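I opened the notebook to look up a few things in this model. My entries follow in the order I made them.

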Amino acid sequence: MLVIKNLHVSVGDRKILKGLSLTVRDGEVAAIMGPNGTGKSTLSYVIAGREGYDITEGEVLLNGENILELDPHERAAKGLFLAFQYPVEIPGVATMTFLKAAMNAQRRSRGEEELQTPDFMKRVREAAAKLGVSQEMLRRPLNSGFSGGEKKRMEVLQMALLAPTVGILDETDSGLDIDALRVVSEGVNALRAPERSFLVITHYQRLLDYIKPDTVHVMANGRIMRSGGPELALELEERGYQDYVGEAA
Ligand code: ADP
Ligand code: MG
Ligand code: MG
């Protein structure tokens with residue numbers, strides 16, 4: 001489903017990704033673990049289509065199509081979702097307005113009819129109830145005054161409503177507190193489905209105590225250095241990344 005082939009990415013004259021290859025199959029939850037500064041966030045931004053990265057070689061195929069030429073919104077229309085993209089507060093924008101705009105933008109770019117308000121409200125209420133997002137939160141401006149955990153809940157609600165084929169979660173360097181971890185993990189676990197894949201990117205093993213990955217990939221030096229099953233995460237927790245950093249690039 002998601003196939004990354006020999007991806008080379010630079011920012012300015014600095015090479016960040018150096019021949020990264022990875023395959024994530026339908027329904028698979030793949031974890032990418034690696035030391036700080038190795039290019040994990042860069043990888044998620046490049047997949048999502050953020051500007052400012054120079055892709056010098058390689059392909060990112062979503063269901064066989066190279067998406068690197070597409071705009072971010074076209075990628076989103078094809079089912080890519082990068083979580084934690086919008087952690088900012090948007091004081092003027094009502095949460096419901098934002099959610100409806102996001103869903104309808106996706107539908108328009110897919111050539112689907114826009115959702116009418118009653119249908120939209122029904123979907124939001126159902127998803128919100130499932131994910132523990134209160135009606136009161138939905139009435140506030142987007143993310144305004146939300147706690148860290150509430151922001152994550154809102155992100156997971158967005159992800160549920162947009163129903164991605166590939167969801168990418170990049171754990172921020174500041175890390176999530178234990179409640180936020182639970183929220184994110186429960187949300188992801190509830191969204192696991194045979195036709196939906198996840199790329200869970202993390203520096204620490206603890207997120208994987210909650211989201212059980214099918215595969216674990218060690219990223220270092222701008223590439224995937226090793227792939228295995230969930231046991232690889234435990235080994236990394238014990239040994240750290242010492243076996244992978246400093247190897248010839
Ligand atoms: P990780 O998420 O694994 O911690 P990042 O992808 O954030 O790694 O960063 C990888 C490396 O690329 C770091 O050394 C970082 O400083 C550098 N880097 C990332 N983005 C930029 C940028 N826009 N300009 C310059 N250097 C960058
Ligand atoms: Mg970092
Ligand atoms: Mg990062």
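This is a predicted model: local features need pLDDT of at least 70, side-chain atom pairs count only at pLDDT 80 or more; totals for chains, interfaces and linings use all residues.

**Entry: helix α1.** I listed the buried ones: K40, T42, L43, S44, Y45, V46 and I47. Burial here takes 20 or more other C-beta atoms within 10 Å of a residue's own. I then looked just past the helix. G49 follows α1, and its phi is positive, near 100 degrees.

**Entry: ligand 1.** Which residues surround ligand 1? I found V11, R14, I16, G34, N36, G37, T38, G39, K40, S41, T42 and G52. I sorted this shell by class and got two nonpolar, eight polar and two charged residues. Next I asked which elements supply at least two residues each. They are β2 (14-24) and α1 (40-48). The most comes from α1, which gives three residues to the shell. I noted that K40 and T42 belong to the shell and are also among the buried residues of α1.

**Entry: the open sheet.** I traced an open sheet of six strands. Its order reads β6-β9-β10-β3-β11-β12, and the pairing is mixed. Which strands stand at the edges? They are β6 (80-82) and β12 (223-228). Each has a single partner strand, so one side of each lacks a neighbour in the sheet. From one strand to the next, the twist averages 20 degrees.

I took one pair for a closer look. Strands β9 (residues 166-170) and β10 (residues 197-202) run in the parallel sense and share five bridges. For L169, I looked up the bridge partner in β10 and found V200.

I then checked what packs on the sheet. Helix α9 (residues 231-239) does, touching β3 (29-33), β11 (215-220) and β12. The direction of α9 makes about 40 degrees with that of β11.

Entry: Most residues other than glycine have a negative phi.

Where do they sit? N63 is in the loop between β4 (54-62) and β5 (65-66). N221 lies in the loop between β11 and β12, two strands of the open sheet.

Are they buried or partly exposed? N63 has 13 C-beta neighbours inside 10 Å, so it counts as partly exposed. N221 has 20 such neighbours inside 10 Å and counts as buried. The cut-off for buried is 20 or more.

**Entry: the whole chain.** I finished with the overall numbers. I counted nine helices and twelve strands in the chain. The radius of gyration is 18 Å, close to the 18 Å that the globule rule gives for 249 residues, so the chain is as compact as a globular protein of that length. Taken along the principal axes, the C-alpha atoms fill a box of roughly 55 × 40 × 35 Å.

How much of the chain is buried? Buried residues make up 36% of the 249. I also looked at contacts between residues at least 6 apart in sequence. Of these, 72% join residues at least 24 apart.

Conventions: Residues are numbered from 1 along each chain as its sequence is written. Chains are lettered from A and ligands numbered from 1 in the order in which they are written. Helices (H or I, at least four residues) and strands (E, at least two) are DSSP runs, numbered from the N terminus. The radius of gyration is taken over C-alpha atoms; the globule rule is 2.2 Å times the number of residues to the power 0.38. A residue is buried if 20 or more other C-beta atoms lie within 10 Å of its own, exposed if 12 or fewer, and partly exposed in between; C-beta atoms are placed from the backbone. Two residues are in contact if their C-beta atoms, placed from the backbone, lie within 7 Å. A residue is near a molecule or strand if its C-beta atom, placed from the backbone, lies within 6 Å of it. Ala, Val, Leu, Ile, Met, Phe, Trp, Tyr, Cys and Pro count as nonpolar, Asp, Glu, Lys and Arg as charged, and the others, Gly among them, as polar. Two strands pair if DSSP finds at least two bridges between them. Axes are lines fitted to C-alpha atoms, for helices over the stretch in contact, and angles run from 0 to 180 degrees between N-to-C directions.
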